Amino acid sequence: MADVDLSKYRNIGIFAHVDAGKTTTTERILKLTGKIHKTGEVHDGEATTDFMEQEQERGITIQSAATSCEWNGHRLNIIDTPGHVDFTIEVYRSLKVLDGGIGVFCGSGGVEPQSETNWRYANESEVSRVIFINKLDRIGADFYRVTKQVEDVLGAVPLVMVLPIGIEDQFKGCVDLLTRKAWIWDNETDTTAYRIEEPPAEMADQVEEWREKLIETAVEQDDDIMEAYLEGEEPSLEDIKRCIRKGTLTMDFFPTYCGSAFKDKGVQLVLDAAVDYLPDPTEVKPQPEVDLEGNETGELAIVDPDKPLRALAFKIMDDRFGALTFVRIYSGRMDKGMTVLNTFTGKTERIGRMVEMHADERIELDGAQAGDIIAVVGMKNVQTGHTLCDEKNPATLEPMVFPDPVISIAISPNDKGASEKLGIALGKMIKEDPSFRVETDEDSGETILKGMGELHLDIKVDILKRTHGIDATIGKPQVAYRETITKTVEDSYTHKKQSGGSGQFGKIDYIIEPGEPGSGYQFESKVTGGNVPREFWPAIEKGFAGMSEKGVLAGFPCLDWKVTLMDGQFHAVDSSAVAFELAAKAAYRQTMPKAGPQLMEPIMKVDVFTPEDHVGDVIGDLNRRRGMIKSQEANPTGVRIKAECPLSEMFGYIGTLRTMTSGRGQFSMEFLHYVAAPRNVSEDVIKEVKEREAASK
């Protein structure tokens, strides 16, 4: 494969609020770059990049689809990210592999809450963006109001590059402030046709006023040009563009465009801006490399095809062609047939087919290199966040951390045939989403789905029902409680059985005590003088360990406790490993109830974002949910409240929060630690478990 010029690459994402027209914008870009001939419409459920049933039905993008196209001799890899608040893990994941972005805002809806979240994520990931204010042909559209909101709500500087000509149903084009030319789209039959002419005379003063603002902001990026400008010398177009590029890359401002993607107006200028002002892969901060323990090595994955291979799997998708692993190559090259090392599993994989994606068709590739985003077909053990690298020169890119699930629901298929289907579907879903887990409850035989929160599991159940056609009954959400003990107890237990033939005998004297938080289960033997021969110790340890999966209060796993074997007795004929293991099991049942057993509940770290006028309500509500408020910080877009709350109190929270903040509040939560549950909570949980057990009998 010939060396490509990386300065001609743009890896960009399009992100926005639900319904701002993000997917339609992507569609138009693909049409203009000659990739699609007939444009699919989202509102007819035919968009090219939305090919999941849920997406076509709801008109929203759940998955990110990666697509490549060409514009002005540049190659654009476009990642369509979800705008919906419940899929922000997808947005976050996509941002890791993007170099630049296009933020789409609705001309009438303006800057909506979800755009704030995505904007905040993009700031944290340091992704340069241009802004496209869409839907200017809609009733109530106002370009100037939305640019003001970008300043006030997002605290960002919009660099206005074009002015709209006409508004609402009169909208027909825009004036490019740099060239002072008007782009007019008024051919109703062929929307891609436009003409360039002089701007309407009545806009002359407005154009000069905004053009001056644009140049003043741009030249701040270069002292020499600024000095000349202040002395009355107008900088050349090249110089202005160079300054705009520099300021865009440092995120000092965001070039702002307008149009109507649905009517094909104004998208060409945004494509030009992506090429002119967004970074190529070599202009963004390289990814830090870490060693296999997760410590930074100080090395960076430099975008260079001749360096060792470093690539990140950022998305797994299962479609009708088989499993696809989307990969961003940071350095080196990847060729068909080569063997790569997955640093997470420590195993190597052979690269079979490599494809460049275009929504749901694909073009076969022989190789790809640093800066590319491609999909590999049929990888076996690669999951999201895994690093693929040169086996002779291993390194890991910053590992993605996916926390342990804290909420579970039981699911049981309604007919025999469905259970096999369920197993296959769940297998695919676990691969696609590392924060989703599945296990089987041994007692009830039920399948338990575990996830990061209610909405997370709701969507999973929806995909099972719709995409995989599985008819199943869903239980109500359960919290993953734990148990522990609070007292030290010294005790003794003798197991003996004499009934014809060889008997069983084992006596143990032991101490059971609470351990340090986070220590799990520990076993130690202090037996001296051979009263309990050393070969039986592992059996005793195993007996206690096996029991700790089920606590004595409500059957939840027991955390942080220690057994010390002090003494005991054995019988030369009747003692065996089995006898001592049984002794340990019975000893657990005998002693644990005396050791002050206690229920532990998961506490979540909750991060709530709310507009300022609702802070009081939000804090009052969190207090009612037994939450501890840790901090509040105000920023241009509202207030972030950090709190710690018990998971059991957070069910249904998103609904309450949206009602309290008229749809503008958002929150995220992750597991923090286990703490002792208050007595009333503990009694309720134990009662509920007993009732469930009685019902299942």
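**Helix ends, helix packing and selected residues**

At the N-terminal start of helix H5, a side-chain oxygen of Asp 142 comes to within 3.0 Å of the backbone nitrogen of Tyr 144. Helices (H or I, at least four residues) and strands (E, at least two) are DSSP runs, numbered from the N terminus. The model is predicted, so local features need pLDDT of at least 70 and side-chain atom pairs count only at pLDDT 80 or more, while totals for chains, interfaces and linings use all residues. Residues are numbered from 1 along each chain as its sequence is written, and side-chain values use heavy atoms, with hydrogens and water left out.

H5 spans residues 143-154, twelve in number. From first C-alpha to last it reaches 16 Å, close to the 16 Å expected at 1.5 Å a residue (the expected span is 1.5 Å times one less than the number of residues). Phe 143, Val 146, Thr 147, Val 150, Val 153 and Leu 154 of H5 are buried. Seen down the axis of H5, the buried residues fall within an arc of 150 degrees, so they line one face of the helix. The arc is taken from the directions from the helix axis to the C-beta atoms. Buried means under 20% relative accessible area, exposed over 50%, and partly exposed in between (1.4 Å probe, protein chains only). Gly 155 follows H5, with a positive phi near 60 degrees.

Helix H7 (residues 223-230) has its own contact at the start. There, a side-chain oxygen of Asp 222 reaches to within 3.0 Å of the backbone nitrogen of Asp 224. Just after H7, Gly 232 has a positive phi of about 95 degrees. Helix H9 (residues 267-277) is mostly covered, with ten of its eleven residues buried. Among them are Val 267, Leu 271, Asp 272 and Tyr 277.

Helices H14 (residues 615-624) and H15 (residues 653-660) have axes that come within 10 Å and cross at roughly 155 degrees. H14 is therefore roughly antiparallel to H15. Axes are lines fitted to C-alpha atoms, for helices over the stretch in contact, and angles run from 0 to 180 degrees between N-to-C directions. Angles under 35 degrees count as roughly parallel, over 145 as roughly antiparallel, 65 to 115 as roughly perpendicular and the rest as oblique.

Asp 509 belongs to strand E32 (residues 504-514). Asp 509 counts as buried, at 19% relative accessibility. Its side chain makes polar contacts with the side chains of Ser 492 at 2.9 Å and Lys 507 at 3.4 Å. A polar contact is a pair of N or O atoms within 3.5 Å; within protein, one must be able to donate a hydrogen and the other to accept it, and residues adjacent in sequence count only if both atoms are side-chain atoms. Cys 389, in strand E23 (residues 387-389), is buried at 0% relative accessibility.

Most residues other than glycine have a negative phi. Lys 135 is not a glycine, yet its phi is positive, about 60 degrees. Lys 135 sits in the loop between strand E5 (128-134) and H5, and is buried at 18%.
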